[in-house]
Amino acid sequence: MASAPSTKAGEDLLAGLDPEQRAAASAHRGPVCVLAGAGTGKTRTITHRIAHLIRSGHVSAGQVLAVTFTARAAGEMRTRLRALGVDGAQALTFHAAARRQLRYFWPRVVGDRPWDLLEGKLRFVGQAAHRTGLGTDAEILRDLATEIEWAKASLIAPDDYPATATRLQRVIAAPTAQVAEVYRAYEKVKNSARVLDFDDLLLHTTAALEEHGDVAREFRDRYRCFVVDEYQDVTPLQQRLLDAWLGGRDDLTVVGDANQTIYSFGGASPKPLLEFTRRFPEATVVRLERDYRSTPQVSELANRVISAARNRPAGSRLRLIGQRRDGPEPRFAEFEDEPTEAGAVVARVRQLLDSGVAASEIAILYRVNAQSETFEQALADAGIAYLVRGGERFFDRREVRQAMIALRTAAAEPPAGDLVPAVRRALVQVGLTDQPPAGGAARERWDALLALVEVAEELASTVEGADLPRYVAELEQRAAAQHPPTVEGVTLASLHAAKGLEWDAVFLVGLAEGILPIQHADGDEAAVEEERRLFYVGVTRAREHLWLSWSLSRHPGGRRHRRRSRFLYGLLPEHHPDARVPRGRQKESHANPRCRVCGAPLLDTMEIKLTRCGRCPSNVDEELLARLKEWRIGRARELRVPPFVVFTDATLIAIAEQRPADQGGLVAISGIGPTKVERFGADVLAVVRGEHG
């Protein structure tokens, strides 16, 4: 039974909350939607709401089920509830809650002993891929596993997968029909082994509640009040389970921020959050915008980042209001190459450490894990301890360990000529190709192997007569020097892995076009906007010190072909030396491009590709564009690659606008290099002339 209401106890409990937090925590029982910006105290708010409902007698602790998306967040919620005197309320991840419920109801709905949980699905995906004749390389299996997880989270069955994946233009490792066959075979193999994967926990629990009335009645009699944290990241499968839990009731509190939706690739969608009041017209809606995490300088920069987003829904337009005292302005810096950038970052880290900032309160964040090696090495060289979060250390990665074996073998053989070509030949055996893969696990593996080539290039340029044995010794020395401790150290993490965390000092590094936004997002507005939200998440991890940097080339002496991320335009102070034209690039032929119609400067990748600004009208030849897309589909099928690998939509639009007459005209279009011209140039020019059949 719920305890008798206590008005004074409820008031004392809420005394430390700000007006908006208090409004959310004290709202009457029923649907409540809390739109909570980064750093605004959402966990504090929802735990106080749970405690208030219990102390006020609206519900007993055992009738509360709160769910979130990570075990760490669920643990923090339980700790805070205990501190508020609440024992017995359930605070779990979606999967942990479903697993408990399924274990309890399994004998009733299935009858035999519960099936075991499959901790990793790669072995079963490998068996399924082998049965369907698809390759079983590790990166292909990882991509297939990710695609199966997306399909199940999106409630897409194998039979429906090809049409849906084609409509949504999913970037996948094989033709959609073949992926569907692997998906179907995977389910058969798994069921034959009588095991469940993590998505099955949600699927089977939902089915038990939807198809067994006695199960639904018992569950709904036990749990009366539901709280969902990070609601912007809910998948269709999780929403289906939540609906089954509710059973038509409305005692639901959701908390989220559509500006932090960064898992769309896994099926997450902010739609349920943004449409909450459409489903529950009587819902109480509270906006939390007071930012207690970051200084006003960091909060304002975050506001400017997200305010540039296109097609922002009304429910996502939160504006952070910094509540801390003023701090330093965010720093922006451009560097000649990645090692120079890493060296400058580590020098600043040393300054922060010397000033008293703890190493565990400093983070270096990047877009993809392959970017970590340069910063790992710079920190190790400086004797600064570090931890890699959400990914293996560079020299512990499987592809790097395989590469080391191949390089040691090559080094033991008779002299093999110049160092760099010898290294490339050795790495071809473990997957290095002349052109990068389209994306996914294969691209990360390729980037890591290319980083090893660049170490060879650096060694060859600095050590006269350097050979393979000397190179292998250099790699082994680098690997041995990296000993990150288990507790204290500077954090290295991808932007995705940093979600939900915060530090006193944050370094956002590698902010160049092709990295952020990631290359395969270019031409897809929704994907680019998700990359912008990812950048926003990175900015809002910082409490006080924020550093944003990029480099013009990957290694010393390399061609300075990079441009700073489009997301940085308009953020740099006017007096900053890099605010207008990047240093040292004025003489490059592609620097400071202007609109071919009105002459205005072109700032983002799409404008540069089209050679016109967004204000000027398009003169695209629609019929030619249709022919180009038809030709691209055919070539992609022949090559068994996603269409964008042939040419992106943006490139096809540029071709259809500029109608190049020869190979020189093709090369003049941004993004079309000699390799593309050699491979596709003749066909494209024939399509432009109307000669391609």
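1. Some terms come before the points themselves. Contact means heavy atoms within 4.5 Å. Axes are lines fitted to C-alpha atoms, for helices over the stretch in contact, and angles run from 0 to 180 degrees between N-to-C directions. Helices (H or I, at least four residues) and strands (E, at least two) are DSSP runs numbered from the N terminus.

2. This is a predicted model, in which local features need pLDDT of at least 70 and side-chain atom pairs count only at pLDDT 80 or more, while totals for chains, interfaces and linings use all residues. Residues are numbered from 1 along each chain as its sequence is written, and side-chain values use heavy atoms, with hydrogens and water left out.

3. Which residues have the most contacts inside the largest nonpolar core? They are Trp245 and Leu252, in a core of 38 residues. Such a core is a set of buried Ala, Val, Leu, Ile, Met, Phe, Trp, Tyr and Cys residues joined through side-chain atoms within 4.5 Å; buried means under 20% relative accessible area (1.4 Å probe, protein chains only). Elements that give two or more residues to this core include strand 1 (32-36), strand 2 (64-68), helix 5 (94-109) and helix 12 (236-246). Not counting residues up to four places away in sequence, Trp245 touches Leu65, Val67 and Phe226, among others. A second, separate core of 37 residues includes Ala363, Ala493, Leu511 and Leu571.

4. Another open sheet of 6 strands, with parallel pairing, has the order 11-16-15-12-14-13. Its edges are strand 11 (331-337) and strand 13 (386-389), each with a single partner strand, so one side of each is left without a neighbour in the sheet.

5. Strand 16 (residues 542-553) runs parallel to strand 11, joined to it by 6 bridges, and pairs with strand 15 (residues 503-508) in the parallel sense over 5 bridges. Leu548 of strand 16 is the bridge partner of Phe332 and also of Leu508. Helix 16 (residues 338-354) lies across strands that include strand 11 and strand 16, running at about 160° to strand 16.

6. Helix 6 (residues 122-131) and helix 7 (residues 138-153) pack at about 100°, with axes 9 Å apart. That makes helix 6 roughly perpendicular to helix 7, a term for angles of 65 to 115 degrees. Helix 6 contributes Leu122, Val125, Gly126 and Ala129 to the contact, and helix 7 contributes residues including Leu141 and Arg142. Among the residues of helix 6, Phe124 and Ala128 are buried. Gly133, with a positive phi near 80°, follows helix 6.

Note on methods: Buried < 20%, exposed > 50% of the residue type's maximum accessible area, 1.4 Å probe, protein only. Pairing = 2+ DSSP bridges. Parallel < 35°, antiparallel > 145°, perpendicular 65-115°, else oblique.
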